[in-house]
Amino acid sequence: MKVGIVGVGFVGATAAYAMVLRGSCSEIVLVDLDEARARAEAADIAHAAPVSHAVRVTSGGYADLAGARVVVIAAGVNQQPGETRLQLLARNAVIFREVVPQVLAAAPEAVLLVATNPVDVMTDLTARLAGGHERVIGSGTVLDSARLRALVAERANVDPQHVHAYVLGEHGDSEVLAWSTADIAGLPIAEFFERQGLAWNDEVRAEIDDRVRHAAASIIAGKRATYYGVGAAIARIAEAVLRDRRAVLTVSGPSTYGVSLSLPRVVGGAGVLATLMPRLSEEESEALERSAGVLGEAVAQL
């Protein structure tokens, strides 16, 4: 099971490292305009294989992506302090118009996993450049949903793997926390907290919402970039494809809203196999419409 990663900055390199630690695949090829950086990252990550999983890590050019079942596209410029993801659009669109055709020429059968921000718009652009390629998916709000689950679990004093909650829409400021569908061990969150004698009210929800929505900005302000969380999320999505896991993940892809955005989707060997539209409250449905509108304006700029 071969994975290609195009763009080995912080996100691409960390995704490769996460795949080695998790044993996500058997081979990883790193491709970057900075060939020396790609070689160095490949060597450094390969040295983790003997103490984790036997994944072969090399660097190369686009031709070396041949045979890859998944190609992660993490090429692009980083988000700067104070800059929104959508402000990255113009700069990263230029890069994608150069990168995507070369990836498709080398690995026409691969699932393309877009990680570059603004990821929803970049996913739309990639699908367009690929001629409506059905196997284009974006990392979407998989990380945002993980942040939400972690923060709820922290409040509830439970393992976050038993918290089920989704962040929908844009991977960005207009994202929607779907509280109405969230549960812990099968119980609605409010009922779980009540049974445990824990506070659950508008103030608690607002605090969690703020921490999820502004997590990236907070991290970027402190260390200039985010990469550990999203690296693990990319590895998780890649595994769902490589092993045909049919995992339900909030990846970004085409929607009935006319733009690519995040919804719970079944992810397997061919990419997105199905989209599952959750039952939302009226307020959440309206917020999702607004989020789609924000993305629609950005896509129109392309």
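**Close-up views of a predicted model**

**View 1. Helix 8 and its packing partners.** The buried residues of helix 8 pack against helix 5 (142-156) and helix 7 (202-213). Local features in this predicted model need pLDDT of at least 70 and side-chain atom pairs 80 or more, while totals for chains, interfaces and linings use all residues. Residues are numbered from 1 along each chain as its sequence is written, and side-chain values use heavy atoms, without hydrogens or water. Helices (DSSP H or I, at least four residues) and strands (DSSP E, at least two) are numbered from the N terminus. Contact means heavy atoms within 4.5 Å.

View 2. Helix 8 covers residues 215-223. Its buried residues are A215, A216 and I220. They span an arc of only 125° around the axis, so they sit on the same side of helix 8. The arc is taken from the directions from the helix axis to the C-beta atoms. Exposed residues A217, S218, A221 and G222 are on the face of helix 8 turned away from its buried side. Buried means under 20% relative accessible area, exposed over 50%, and partly exposed in between (1.4 Å probe, protein chains only).

View 3. Which residue with a positive phi follows helix 8? R224 does, with phi near 80°. R224 is not a glycine, yet its phi is positive. This residue belongs to the loop between helix 8 and helix 9. R224 counts as exposed, at 60% relative accessibility. Most residues other than glycine have a negative phi.

**View 4. Helix 1 against helix 9.** Helix 1 (residues 10-22) packs with helix 9 (residues 228-242) at an angle of about 55°. Their axes are 8 Å apart. Axes are lines fitted to C-alpha atoms, for helices over the stretch in contact, and angles run from 0 to 180 degrees between N-to-C directions. The two helices are therefore oblique to each other. (Under 35 degrees is roughly parallel, over 145 roughly antiparallel, 65 to 115 roughly perpendicular, and the rest oblique.) On the helix 1 side, V11, T14, A15, A18, M19 and R22 take part in the contact. On the helix 9 side, the partners are Y228, V230, G231, A232, I234, A235, R236, A238 and E239. By class, this contact of helix 1 with helix 9 holds ten nonpolar, two polar and three charged residues. Ala, Val, Leu, Ile, Met, Phe, Trp, Tyr, Cys and Pro count as nonpolar, Asp, Glu, Lys and Arg as charged, and the others, Gly among them, as polar.

View 5. I234 lies in helix 9. Is I234 buried or exposed? I234 counts as buried, at 0% relative accessibility. Leaving aside neighbours within four places in sequence, I234 contacts V11, A15, M19, V72, L113 and A115. V11 is 223 residues away from I234 in sequence. In space, their C-alpha atoms are 9.1 Å apart.

**View 6. S139 in a loop.** S139 has its place in the loop between strand 6 (136-138) and helix 5. S139 is buried, with a relative accessible area of 6%. S139 touches L113, V114, A115, V119, I237, T250 and V251, not counting residues up to four places away in sequence. L113 and A115 are also among the contacts of I234.

**View 7. Helix 3 against helix 4.** Helix 3 (residues 89-106) and helix 4 (residues 119-129) pack at an angle of about 40°. Their axes are 10 Å apart. From helix 3 come L89, N92, A93, F96, R97, V100 and L104. From helix 4 come V121, M122, L125, T126 and L129. The contact of helix 3 with helix 4 has nine nonpolar, two polar and one charged residues.

**View 8. A90 on helix 3.** A90 is found in helix 3. A90 counts as exposed, at 57% relative accessibility. A90 and S174 are 84 residues apart along the chain. Their C-alpha atoms are separated by 19 Å.

**View 9. The peptide bond between N117 and P118.** A cis peptide bond joins N117 and P118. Omega is about -5° there. P118 is in the loop between strand 5 (111-114) and helix 4. Most peptide bonds are trans.

**View 10. R246 between helix 9 and strand 12.** R246 lies in the loop between helix 9 and strand 12 (247-249). R246 has a positive phi of about 55°, although it is not a glycine. R246 is exposed, with a relative accessible area of 53%.
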